[in-house]
Amino acid sequence: MSNIIYLVHTIILLLLQLVVFDNMQLNAYIYINIYVLIIYILPNASRNIITLIWGFLLGFIIDLANNTVGIHAIASTLLTYLRPYLLSLLLNREQIDNQERKQKINETKYFFKYVLINTTIFHAVLIICEAFSFQNFLIILLRVFYSTLISVLFIMLYYFIALKKDKLK
């Protein structure tokens, strides 16, 4: 994916997050965070410090827009830090090297696992930082579960509509 296409997807995902998903009230337990897909599709050639700063800035932008106190910045920065480790855990070296080429249909299952694990980690950190206690641990687990479920649904929907179409060209 070229840098211009990545920038276009970044703008689209940020606008979707800020204009649509931040204004949707499904339930008190559900957060829909589609902007984390920006971190998931980062080019592999990116340097670690630059990706960490990028992850922090994405979270900071969402924090400024939502008037939250840095919880998105914390969760996004952690997700950006864990990204290379999770990629190497789920994919072999050849798949990581060939990630820039066309993706085959069977690679969708790896992307789904990658999104599911990352989104679960992201929402766990986000919701625990928001609650700032483990007093209602069952409610925290329910919020993480439902938020992850709905966010993964919308992330995969965007992936198949916008990103998979680009990669098949």
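Which residues in α3 meet which residues in α4? The answer is reached at the second stop of this tour.

**Before starting**

This is a predicted model, in which local features need pLDDT of at least 70 and side-chain atom pairs count only at pLDDT 80 or more, while totals for chains, interfaces and linings use all residues. Residues are numbered from 1 along each chain as its sequence is written, and side-chain values use heavy atoms, with hydrogens and water left out.

**The whole chain**

Display the protein as a cartoon. Its secondary structure consists of seven helices and zero strands, and the order along the sequence is α-α-α-α-α-α-α. Helices (H or I, at least four residues) and strands (E, at least two) are DSSP runs, numbered from the N terminus.

Next, show the surface. The protein exposes about 9,700 Å², of which carbon and sulfur atoms supply 69%; such areas come from the Shrake-Rupley method with a 1.4 Å probe, and for residues only the protein chains shown count as cover. Of the 169 residues, 41% count as buried. Buried means under 20% relative accessible area, exposed over 50%, and partly exposed in between (1.4 Å probe, protein chains only).

Contacts, defined as heavy atoms within 4.5 Å, can be sorted by sequence separation. Among those between residues at least 6 apart in sequence, 74% join residues at least 24 apart.

**First stop: α1 and α3**

Select residues 3-20 (α1) and 48-66 (α3); the axes of these helices come within 11 Å and cross at roughly 30°. That angle makes α1 roughly parallel to α3. Axes are lines fitted to C-alpha atoms, for helices over the stretch in contact, and angles run from 0 to 180 degrees between N-to-C directions. Angles under 35 degrees count as roughly parallel, over 145 as roughly antiparallel, 65 to 115 as roughly perpendicular and the rest as oblique.

The crossing of α1 and α3 is right-handed. A crossing is right-handed if the near helix is turned clockwise from the far one by less than a right angle, and left-handed if anticlockwise. Show side chains for Tyr6, Thr10, Leu14, Gln17 and Leu18 of α1 and for Trp54, Leu58, Ile61, Ile62 and Ala65 of α3, which make the contact. These residues divide into eight nonpolar, two polar and no charged. Here Ala, Val, Leu, Ile, Met, Phe, Trp, Tyr, Cys and Pro count as nonpolar, Asp, Glu, Lys and Arg as charged, and the others, Gly among them, as polar.

Now centre the view on Thr10, which lies in helix α1. Is Thr10 buried or exposed? Thr10 is buried, with a relative accessible area of 3%. Leaving aside residues up to four places away in sequence, Thr10 touches Ile38 and Trp54. A C-alpha to C-alpha distance drawn from Thr10 to Ile41 gives 9.6 Å, for residues 31 apart in sequence.

**Second stop: α3 and α4**

The opening question can now be answered: Asn48, Thr51, Leu52, Gly55, Phe56, Gly59, Phe60, Ile62, Asp63 and Asn66 in α3 meet Ile71, His72, Ala73, Ser76, Thr77, Thr80, Tyr81 and Pro84 in α4. By class, the contact has eight nonpolar, nine polar and one charged residues.

Asn67 is exposed, with a relative accessible area of 71%.

The axes of α4 and α6 come within 9 Å and cross at roughly 150°, so the two helices are roughly antiparallel to each other. Their crossing is right-handed. Among the residues making the contact are Leu78, Leu82 and Leu86 of α4 and Ile117, Ile121 and Val125 of α6. The contact has 17 nonpolar, three polar and three charged residues.

**Last stop: towards α7**

Phi of Phe132 is near 55°, a positive value in a residue other than glycine, and Phe132 is exposed, with a relative accessible area of 75%.

Finish at Ile139 in helix α7, residues 137-168. Ile139 counts as partly exposed at 35% relative accessibility. Ile139 and Tyr29 are 110 residues apart in sequence and 8.0 Å apart in space, C-alpha to C-alpha.
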